[in-house]
Amino acid sequence: MSAPAPPKAPPCEVLSFTSDHFYQSLANEYLTEIEVGAKPTSAYLYRYLTDIHAATIVVEREYTDGDFLDDFSVYYSRCFHNYARRCSRLHFFDAAIARDQILAAACGADPAQLERIQKSYLGFIVARPLPQAIIGRTVLKTYPEDGGRRNYTATRKYSANLYGIELTVTSLAFQEQDTVLAACATVSLWSAFHKTKELFGPHSPTPADITRAANSVIYNSRPIPSHGLIVEQICSAIRHLGLEPEVVPVMKNTPLASLLHGHLKAGIPVILGIRIEGVGLHAITLNGYSKQADRVRQIEVAQGTSCIPMTGLRIDEFYAHDDQIGPFARMAVRPPPAGSGDEYPIVFEGSWQDESTGQFLTLYPLMAILPVYHKIRVTFGDIQVWLTNLHLALLSLPKAKDTDWEWDLFLTTTNDLKAAVKIDPAFDAVAREQIMLAQHPRFVWRATLRYMGRNVLDIFGDATGIARSLPIYAIHWHDDGVRSRLHWLLTLTAPGAQDDLRDLLTPNFLAMLLESTAAS
Amino acid sequence: MNTKESERYPAAEVAEQAPTPRFDGEDSTEAAAKLRVQVGHARQVVADIRKSQVVSRELMQLEFNV
């Protein structure tokens, strides 16, 4: 008996990046390239890849994708129709690369070519062999930072192996919902879990796993085919991974831009529940933001409500994985439109358009759902309360103006805190040494106060502690002028002043502030 | 956690310091009066923050299905 012949290798297709080649590569037996090009997600991806200067596509046929394989085994394999179980994977490069060069690098014949290929890698798209939701796991490089304005913080490093060539890209996985095993909320969770795996563990489940976990506690309708998830089901899926779902309703006094920034800066992806004008309720995954040097608005809460000035005032865009638009879709922050009843602090304008008029639709935020580690117990709002009281004390200083101040409140870890302080020139040598040698909680709320553009104060809060019993554990002043002014206020002897200070700050916080502001 | 925000810390941010204040008795009276107003304001703002964090049953039942 002769040995069986080795399996025939699929062809190595190397194409220049054009719309025709792109849509042809995504097409399958159910969808022609024209139909693929007419799909909003495919068209978005073509524009996105053009923007990041894609020049070459390498099509890897007969690719086995773990996520699709799970979907296949749960659903598609049990259909009467004979769906394929293997996908195509499209790899993108920003350099013109020929087939011979790919093969030379793959076979180890040309190390220089290998390095060039690795450096020009932009990521990949898995094309699923389905009639509709063809965009499977998609991992693409982000837009450039643009001088530090764009921050894609909820991303991580991904590896891909193409014919033995090790390729890496920093991104967050995206995919289209198939409305069979995954609805918008499922896909939104799936993307978020790719990042929480890196932050908190333990793993990133497949869409089928998420649908099962979401429906393990409560279900309103049959779980599969899946058409949507209620908030309780989203929370159930998050708990199933050992994380805690923190649901923050968006009210008119919610400093939403600052709250989102405070978590995204720590790399925590945010599931944002939105109402799309005239369409319905949708869930997306926020993964980054654009922060300007100066304020882009004077207020980040609705008219008639009050909030301390925070970093959100400088944020003009968020970036989101919207499974019906594409990865890293821009969401411009806008004031609520007239007639919305001042119920929303801010609204968003993205790529959703009215089909008849072509006008961009307003996206109204309803809630932020944060998948956080169980030890993160003190919330953004809890710390905001303490900062509000301190801020209002600062406003009692002679000539103090609200617009001169800005609070940057964000979550961090003990290791990241130390790494940041090490290179932050605002801290003097004594403070830096003190912070490096000290033990800190695993998760820390850091609040940096800027006065007229300068960092003047840093406050550290224990995110693992108890909100009502002063979670603040360290105060570091960087500016003697502001420090001594506050000390003068805290030691006022005018009748009733000390009672008012205790009332405003609580005796414990007042004592801590007095000690920190006293001249060394 | 990923705190790779690309924002830089300009050295100028710490170079200039606000001048040490010279406050007098009139300033003390004014500050005490402002403080009295802020105490009342703070109570309302803090109560509103706490109220805004309450998650209603209706909110938990919203279905995202677009």
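A:Asp146, A:Arg149, A:Glu317 and A:Arg330 are linked in a network of salt bridges, where a salt bridge is a side-chain nitrogen of Lys or Arg within 4 Å of a carboxyl oxygen of Asp or Glu. By that rule, the count over all chains comes to 25 salt bridges. This is a predicted model, in which local features need pLDDT of at least 70 and side-chain atom pairs count only at pLDDT 80 or more, while totals for chains, interfaces and linings use all residues. Residues are numbered from 1 along each chain as its sequence is written, chains are lettered from A in the order in which they are written, and side-chain values use heavy atoms, with hydrogens and water left out.

**A salt bridge inside one helix**

- A:Arg212 forms a salt bridge with A:Asp209, and their closest N and O atoms are 2.7 Å apart.
- Both residues belong to helix 8 (residues 207–214) of chain A and sit 3 residues apart, about one turn of the helix; helices (H or I, at least four residues) and strands (E, at least two) are DSSP runs, numbered from the N terminus.
- A:Arg212 is partly exposed at a relative accessible area of 40%, and A:Asp209 is partly exposed at 29%. Here buried means under 20% relative accessible area, exposed over 50%, and partly exposed in between (1.4 Å probe, protein chains only).

- A:Asp408 and A:Lys265 meet through their side chains in a salt bridge of 3.0 Å, N to O.
- This pair links distant parts of the chain, 143 residues apart: A:Asp408 is in strand 17 (residues 405–413) of chain A, and A:Lys265 is in the loop between helix 10 (256–264) and strand 11 (270–276) of chain A.
- A:Asp408 counts as buried because its relative accessibility is 7%, and A:Lys265 is buried too, with a relative accessible area of 8%.
- The side chains of A:Glu406 and A:Arg314 also form a salt bridge (2.9 Å, N to O).
- A:Glu406 counts as buried at 6% relative accessibility, and A:Arg314 counts as buried at 4%.

**Where chains A and B meet**

- In chain A, 95 residues are in contact with 49 residues of chain B, contact meaning heavy atoms within 4.5 Å.
- The two chains bury about 6,000 Å² between them, 59% of it on carbon and sulfur atoms; buried area is the accessible area (1.4 Å probe) that two parts lose on being put together, summed over both.
- On the chain A side, A:Leu281, A:Arg454 and A:Asp500 lose the most area to chain B, together 10% of what that side buries.

- Between chain A and chain B the count is 2 salt bridges. The side chains of B:Arg43 and A:Asp503 meet in a salt bridge at 2.5 Å, N to O.
- Helix 11 (residues 380–394) of chain A gives the most to the side of chain A that touches chain B, with 8 residues.

**Strand pairing between the chains**

- Strand 9 (residues 229–230) of chain A and strand 1 (residues 63–64) of chain B pair in the antiparallel sense over 2 bridges; two strands pair if DSSP finds at least two bridges between them.
- A:Ile230 stands opposite B:Glu63, which is in strand 1 of chain B.
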